Amino acid sequence: MASATGVSGRLGWFRRAPQDTDARDAEIKYYTASQFQLIWWKFKRHRLALIGTFILALFLVIAVLAEFLAPYDPFNRNAEYLFGPPQAIHFFEDGTLHAPFVYGITFAMDPVSFQLSVKEDTSVRIPLQLFVHGDAYKLFGIFPTDIHLFGVEKGFVHLMGSDKLGRDLFSRILFATRISLSIGVIGLFIAFFLGLIIGGISGFFGGAIDNVIQRFIEFIRSIPTLPLWMALAASLPKEWPPLQVYFAITLIIGLLGWTHLARRVRGKLLSLREEDYVTAAKIAGSSDWRIIFRHMLPSFLSYIIVDLSISFPYMILGETALSFIGLGLRPPVISWGVLLQDAQNVRAIALYPWLFAPVAFVVLAVLAFSFVGDGLRDAADPYSR
Amino acid sequence: MNTNSLLEIQDLRVSFPLDEGTVQAVAGVNLAIQPGQVLGIVGESGCGKTVTAQSLLRIIPPPGRIDGGTILFRSSKQSGNGKDENIVDLAKLNPKSEMMRRIRGNEIAMIFQEPMSSFSPVHTVGSQIMEAILLHQDLSKQAARERAIEYMRLVGVPGAQDRMDDYPHQFSGGMRQRAMIAVALSCNPSLLVADEPTTALDVTIQAQILDLMRRLQQQFGMAVLFITHNLGVIAQIADHVAIMYLGQVVEQAPVREILRHPKHPYTMDLLRAVPRLGKTAGQRLVAIEGSIPSPLQRPMGCPFHPRCSKMIPGVCNTHVPQWVALNEIHSVRCVLYEPNAPTPNLEPANVRAASTLA
Amino acid sequence: MARFLLQRFVIMLVMLAGLSIIVFITIELPPGDFADRQAYRMKSTGVRVTEADILQMRHQMGLDRPWYERYLSWIGNIVLRGNFGISLSQHIPVTEVIGERIGFTALLAFATLIFTYGVAIPIGIFSAMRQYSFGDYFFTFLGYIGMAVPSFLLALLLLYVSVFVFNSNVGGLFSPQYVEAPWSWDKFVDLLNHLWVPALVLGLAGTAFEIRTMRATMLDEKNKLYVTAARARGMPEGRLLLKYPVRVALNPIVSTIGWNLTAIIAGAPLVAFVLALPDTGPLFLNALLDQDVYLSGAMLLLYSTLTIVGTFMSDILLALLDPRVRYGERT
């Protein structure tokens, strides 16, 4: 019996031999890789996180190139097409393939209800074209041009319909993407700054200071923040110009997210304080700040990045909520929340469902960030297998 | 199965298929325990002694599985086909079966290494002792409670009556292990499996618990499978010892015999590493060279050959040693004692492989 | 236990005090004070108001006193007399405006909590027991969606679906015939029939979160030594799971009731606004938009009190469930 095991064991050993050298190579690669490489390898295995990254990259491109990607200026009004439904892109007519085109629009008055209804006029074919001339703008705020990625030479194209003033919803959503994301980024920056400073003080000094700050954070976390921020936003003077409101709202949003981060920073600092290499740095006479930034920060930076990516959705949702009810950004500034103001009630939803389109962008952005955050969290500690 | 044995393990093999490869945790273990005997299993961590113990109760953590072999247990409480005694192959039982459940705690009980975490933190200690009694004995709650208190007294928990309703975190480590022993004994098992029951305790408490276990073993007369990595502990409590290395028993004999006449090079090394009174001050303890190989890369031939001082190139690294009975009480698994050991196969490849691994 | 409760109770009082200060700040924050607004209103109705009149008014109302005196008289009125001041937009006492609406808000929050835990605990157990099964993936995916879609947008989506697909309106808390009717059993049943919609909308994110927590803790606990020890005692699998891992996994779930309630209360005004519920939500938003500071302040105070008291109660529940907390060994 024992010899039988021996044979199979030997065979197993023999068969495994080439794999083992592979495994050893992989092991060497693993132990000599930089921390960034390790995180990336692990992150790559998280498929949803990769999809999320792709979506976010797309959003980033939209935010930067909104003027170029949008077929129209967001304030350009198409008086012929108020509350116009989305136009479908067609590729076929009578079974033959064409370059993408949209049909022209005709209007019909219902003889009974006098309701105006919109119909595709299949006799007019408007081809979609690339790099057409349209509304003038300055690319990156510097280069004056009027080239848009796509558009039509005559007639009009509204892929996601138009709003009550006949403005192109698709173009407006692209511009809103820029504002909404920027609020998230700036808000995140504020939260990061506050969290790092307050959490850093709490964790590094410990003792009574730590106690006071921790009780304060617990207090903040136990009050329903959204109503509080709504109350703060409501107290902004009504006569403030939109830009000032934008910054004030960003600040309020930023105040939303710091407590979580401060806790993380503090927790990490408290445990790192006990590490030998920190003691060694202290004995060597490093200053407090040098110890924090040179020795401690690098070891928990990855956790902070994870936390930031997880709190980003809350920033975007906070802005959307505030703007949606009219306490946040105000027109002419366009954000997803501002656009959704038009879809506040059932009537609007019933009659003009396309006004609902920004929701898809909000949900997509939040999902993408959640996926990326999850992937980063799993990858953040590359040595935990 | 031998007519006397309480438990006989034959060629037991347990493996854990992991992402990185399959770990052969137990690779052909043979063991036998007689009723009332205390058998110690000794080995370094990772040698498969705990998994062997877990296999008896079929509580191997996933993804572990039994690949082969038999675990024959002489059950006295299962009255299958009208007989008083009934031999069950535990390795073939469904772990979730009624039969397995009736053996667990009732006929084979187990004590774990960590007294700190072997009780649920949100239930009283008393209720967890009573649970075992209620599961296996036809007693009322009140009677079970009294039985539990009785066992708490027996294992030396002071103020047993009051401490029944205390929670585990109110017990010290030593007290918890005593309570754990009370759970294990509460149904009069014929076999007690003790998995390093004293390792997590302070040295003074260790001595007390060992003392208690020895006393209770004599009182109840159950067989004990005592797992430890500490030869000193074994010398105090066990009748027989089995030495394990990389999932195999490499030597088995009565305690005195092993201590006086160790045969396997690994046993000899182990004994040299134990501090002893009477050694002269200048004598150093000898550590065993090298460390246990990665469980994913079992050495070919004798698993101990890379660390063995008596390694014969061309034999030990190619030939799997046989289980040899030196006499009625002493068996060993080493090529040095094989009556017809193979001659060295000194092909250059084998010699080179051996030297790189050593 | 008594010491623990007392300690929690004191913390609750301190928090309520701190809270009242924050609410007071939001009342004071908008530019101009009550006198300015009163004057503005009088002017708009054609009454001539001079600077001296405003000063006079300010003095009469005690608005020229230092802020701490004003704070004390404000909070004193609330605590001692239940007087939250006058609504600036409706010119009647705030308490009358809020009336029974706050009851609906509390009821909604309670119903949402019941929904959250009633759904999350069984699903969490299921997901942990059938890890990586189709059901587990399905609920994980649903959880992602639930956490990603903010409750007010979900309410909008639900409205959209109900109007288009089911041709009915899920808004409100009562069927038309019961809105003005006096309280009766039928009206109560009608309320329950409507209540599940906002409860579902408000509770989805929390439910998703609790499913994840429950699943993670269960997975953690079911491989712990004490479970193996109980198995080695001969405990049948089903009873084993319910008695040990599930029981232990309930503790972190219970300890999140406080946060969960905070999140529910925070989301409630917007959902109530979208679904046109007759609770405090729409009132609160309108008060904010009108800068009706006494009304919005009172509501903010009530909302926060609701969460703080709720957290206190969940602490008590946790102490009852977990002996380690009860005996002051917080780990």
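Q: Two strands pair if DSSP finds at least two bridges between them. With that in mind, which residue is the bridge partner of A:Gln129 in strand 5 of chain A?

A: The model discussed here is a predicted one. In general, the strands of a sheet pair through backbone hydrogen bonds, in either a parallel or an antiparallel sense. Here, A:Gln129 has A:Gly151 as its bridge partner in strand 5 of chain A. Strand 4 (residues 129-139) and strand 5 (residues 143-151) of chain A are joined by 7 bridges and pair in the antiparallel sense. The hairpin that these two strands form has 3 residues between the strands, and A:Phe140 takes a positive phi near 55° there.

Q: How many bridges join the neighbouring strands in chain B?

A: Strand 1 and strand 2 of chain B pair over 10 bridges in the antiparallel sense; B:Pro17, for instance, has B:Thr22 of strand 2 as its bridge partner. Strand 1 (residues 7-18) and strand 4 (residues 65-75) of chain B run antiparallel, joined by 7 bridges, and B:Ser15 has B:Arg65 of strand 4 as its bridge partner. Between strand 4 and strand 5 (residues 86-89) of chain B, which also run antiparallel, there are 4 bridges; B:Phe73 stands opposite B:Val88 of strand 5.

Q: At what angle do helix 1 and helix 15 of chain C cross?

A: Two packed helices are described by the angle between their axes and by the distance between those axes. The axes of helix 1 (residues 2-28) and helix 15 (residues 293-321) of chain C come within 10 Å and cross at roughly 165°. Therefore helix 1 of chain C is roughly antiparallel to helix 15 of chain C, as angles over 145 degrees count as such. The residues of their contact comprise 18 nonpolar, 5 polar and 2 charged. The crossing of these two helices is right-handed.

Q: Where does helix 10 of chain A have a kink?

A: The kink, of about 65°, lies at A:Leu297, shortly before the proline A:Pro298. Helix 10 (residues 288-324) of chain A spans only 45 Å between its end C-alpha atoms, whereas a straight helix of 37 residues would span 54 Å. Just after helix 10, A:Gly326 takes a positive phi of about 90°.

Note on methods
Residues numbered from 1 in each chain as written. Chains lettered and ligands numbered in written order. Predicted model: local features only at pLDDT ≥ 70, side-chain atom pairs only at ≥ 80, totals over all residues. Heavy atoms only, no water. Expected span 1.5 Å × (residues − 1). Bend = angle between axes of the 7 residues up to and from the residue. Axes fitted to C-alpha atoms, helices over the stretch in contact; angles between N-to-C directions. Parallel < 35°, antiparallel > 145°, perpendicular 65-115°, else oblique. Left-handed = near helix turned anticlockwise from the far one by under 90°. Nonpolar A, V, L, I, M, F, W, Y, C, P; charged D, E, K, R; others polar.
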